[in-house]
Amino acid sequence: MIGVRPIAFFTNPTIDKIAGKVGHESAAAKYAAATETGDFSIESEKPYAELWMGTHPSLPSKDVETQRSLLDLVRDNKALLSTEISRKYGEKLPFLFKVLSIRKALSIQAHPNKNLAEQLHAKDPKNYPDDNHKPEMTIAVTPFDGLCGFRPLKEISHFLASVPSLRSLIGEEVAQEFEEDVSGRETSSRAEDTQRNKKSLQSAFSALMTKDKSTIAAAAKDLVASAENDGEKFAGGGGPSNGGKELADLVIRLNGQFEGDVGLFVLFFLNYVKLEVGEAMFLKADDIHAYLSGDIIECMASSDNVVRAGFTPKFQDIPTLTSMLTYSYAPISEQKMNPVDYPYVTLNRTAYSSSSSTILYDPPIEEFSVVKTQLNDQGAKATFEAIDGPSIIICTAGSGKISVGPKNEQVKTGYVFFVGATAECVLESDSESFTTFKAFCELSGKETANGVH
């Protein structure tokens, strides 16, 4: 069983139907339909939001040939994961690999750390289905935008002073306390200043999140009217990161999706980020975010725990969210990743001459890393050294073949393969552009961006 195995998926790849791109516009749907099992076909008017790849019990991948779940396969043959990974992670993949196709804002949310996940799962297993943490990494496949992490404090102070409806919701007393507490200390590196700033940020943010819905809806009408009328002057002309017109357009757009929602005001607390194709960011457990649009590759620790508090009709847990957040504040540049060349691969002459590449996205956790391989000519080949851990590979563009030992398989856009531990893997293009993403885990000397193996 060690080697290449094509993996099929459940017939319904949608997790949040409301937010998904519709029909053939959804990359998640197109990739799911590519695997020729006859179980799934795209409905042109139906939204498709997520494609899952892995062993999570909510939606485990299936082997094309046997129709057995990947979860069953790796439990029966622990060598597929490696003995060390199988023992440490309970005979399942330590990561969950996804494709998200986002048409409409996903919920304002955070994922609990390991200790909190265990507590929430024990207390409320219906809404918190497992006991694992969920740090995650996002790589843009198409242009993407989202709200991620708290803005620098000066920007938040600017919006409190320039958006009257936001200030009225938080309350004059809380707003003044925030401004006074952080003034002159917004970028201080002293531990006592940082803790004071975080406490003030939590107070202001919690004041917003705990307002009743009718009060928020009334304030939202004023906010939207200002966005429609003020143009570039909206929100005091915006902050250093976003112009007034850009924020006005964002408010109008999101109000069209979730009219009168608290998320219209949350966006003044959070970084508004845009990722171009290939750009990536990493979110630790307890980091707040809301993905707004785009197709992305997402990799995370294997968990389905989400604490929600806006932009959603689903269960919301505002007390847990406001108490669990790190309240770290920084420009979005500090969350964006800096991928580097992947060192444990050999490119053939055709690959080199066509400027092909293998790029490593390596977050500061052990559960996963991701390699993007771009082969730019027919016959371009990338030979990956064996690692002591499992991999999942998805093709997002073009076609080619994948080989492990004597076994090789045809690869088309949307095909997904599982590669067991200790197997050398070769990717070869038969098109002018062949793109794959490989998620993997190797505990013994985790592969890192600085080249240490």
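Predicted model: local features only at pLDDT ≥ 70, side-chain atom pairs only at ≥ 80, totals over all residues.
**Entry on helix α5**

Helices here are DSSP runs of H or I with at least four residues, and strands are runs of E with at least two, both numbered from the N terminus.

I then took F159, which is found in helix α5 and counts as buried at 0% relative accessibility. Not counting residues up to four places away in sequence, F159 touches R151, L166, A235, G238, G239, L247 and F268, a contact being heavy atoms within 4.5 Å. The C-alpha atoms of F159 and G239 are separated by 7.8 Å, although these residues are 80 apart along the chain.

**Entry on N242 and helix α11**

I placed N242 in the loop between α10 and α11 (244–257), and noted that N242 is buried, with a relative accessible area of 4%. The side chain of N242 makes a polar contact of 3.0 Å with the side chain of R151; such a contact is a pair of N or O atoms within 3.5 Å, and within protein one must be able to donate a hydrogen and the other to accept it, with residues adjacent in sequence counting only if both atoms are side-chain atoms. Leaving aside neighbours within four places in sequence, N242 is in contact with R151, G237, L247 and Y272.

In α11 I found G244, L247, A248, L250, V251, L254 and N255 to be buried. They cover an arc of only 160° around the axis, which puts them on the same side of α11; the arc is that of the directions from the helix axis to the C-beta atoms.

**Entry on the aromatic rings**

I counted 13 aromatic pairs in the structure, where rings of Phe, Tyr and Trp (its six-membered ring) pair if their centres lie within 6.5 Å, planes under 30 degrees apart counting as stacked, over 60 as edge-to-face and the rest as tilted. F205 and Y327 form an edge-to-face pair, at 6.4 Å centre to centre and 70° between the planes. This pair links distant parts of the chain, with F205 in helix α8 (residues 191–209) and Y327 in the loop between α13 (318–324) and β14 (340–341), 122 residues apart. F205 is buried at a relative accessible area of 0%, and Y327 is buried at 2%.

I next looked at F234 and F268, a tilted pair with 6.2 Å centre to centre and 45° between the planes. F234 lies in helix α10 (residues 234–237) and F268 in the loop between α12 (263–266) and β10 (270–275), 34 residues apart. Finally, I noted that ring pairs link F150, F205, F269 and Y327 into a cluster.

Definitions and conventions:
Residues numbered from 1 in each chain as written. Heavy atoms only, no water. Buried < 20%, exposed > 50% of the residue type's maximum accessible area, 1.4 Å probe, protein only.
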